[in-house]
Amino acid sequence: MPREITAYSNPLIKRIRSLREKRHRREEGLFLAEGLRILTEAREAGRIPHYLFFARDSAAHPLVLALVDAVEAAGGEAIETVPDILSKLSGKDNPQAVVGVFAEFAHALDTLDRGAAGIWLVAERLRDPGNLGTILRTGDAVGAGGLILIGECVDPFSVEAVRASMGALFTVPVVQCEWSAFLPWLRSGPGQLVGLSLDTSVDYRSAQYQAPTFLLTGNEAQGMPDAYAAQCDLLVKIPMLGKADSLNAAVATAVMAYEVLGQQAGRD
């Protein structure tokens, strides 16, 4: 049966709240996710939180009950609490009805099956958690095999990135590695590396994409290094008809991903 915690001073509340900081997430190997939709996505993907905090007035909701049952069946703990505590955990003035504490999970390059999907997303030195979450949502939407993060990227387990992913963190495999590991892995099997660049005359709609296609998006401010661009099989650009010289990294990734999807689906 769930226990009840309503005091800010409770040691568990202090411990869980500390997971908002990367250092504590790394020490504990845990991260926070909030919201009934996100936690339900996680449950359906087989990811069950170690701790589940839920508001009293949501206790009878069928999806909350399903989460409580799943957590307790897996040996975790379900804890009934109040909105003020949920706000303290999530850092939001209007908290969601549920907050889950999950074990961080890692995927390695050598565990990926590149033949499992026609599209793979690759992001280099991505810094904005909102962009990372949106790219994950795009990956889920187009059926991408996974997201490969190159170099010093934003932490995919930060509260902001998890929130922005809307559950896609649990459905799209994420690998973190260096370019020096990614490139040999890529070249060890089939795969076309396509870079989004302003330094090319190739329109993204006129290019031919070969499955599996690995779409490489560079850093939001600096783009990709010249050395990385030189290793791409194809560089393409999205035409800009206004005064802006480029699209947001997550938007550009989505535009490209749907173009590749359209080609691979045999669109006329």
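Predicted model: local features only at pLDDT ≥ 70, side-chain atom pairs only at ≥ 80, totals over all residues.

Residues are numbered from 1 along each chain as its sequence is written, and side-chain values use heavy atoms, with hydrogens and water left out.

Start by selecting Leu196, Ser197, Leu198, Gly223 and Ser246: of the 25 residues lining the largest pocket, these are the closest to its centre. The space there comes to about 530 Å³. (On a 1 Å grid over the protein atoms alone, a pocket is an open set of points where a 1.4 Å probe fits, with protein on both sides within 12 Å along at least five of seven lines; lining residues have an atom within 4 Å of a point.)

Next, colour helix H9 (226-230), strand S11 (234-236) and helix H10 (249-264), each of which gives the lining at least two residues. (Helices are DSSP runs of H or I with at least four residues, strands are E runs of at least two, numbered from the N terminus.)

Now jump to the loop between strands S9 (192-196) and S10 (213-217), where proline 212 sits. Its bond to alanine 211 is a cis peptide, with omega about -5 degrees.

Last stop: arginine 125, in the loop between strand S6 (119-124) and helix H6 (129-142). Its phi is positive, near 50 degrees. Most residues other than glycine have a negative phi.

Note on methods
Points joined across faces, edges and corners; volume = space filled by probe spheres on them.
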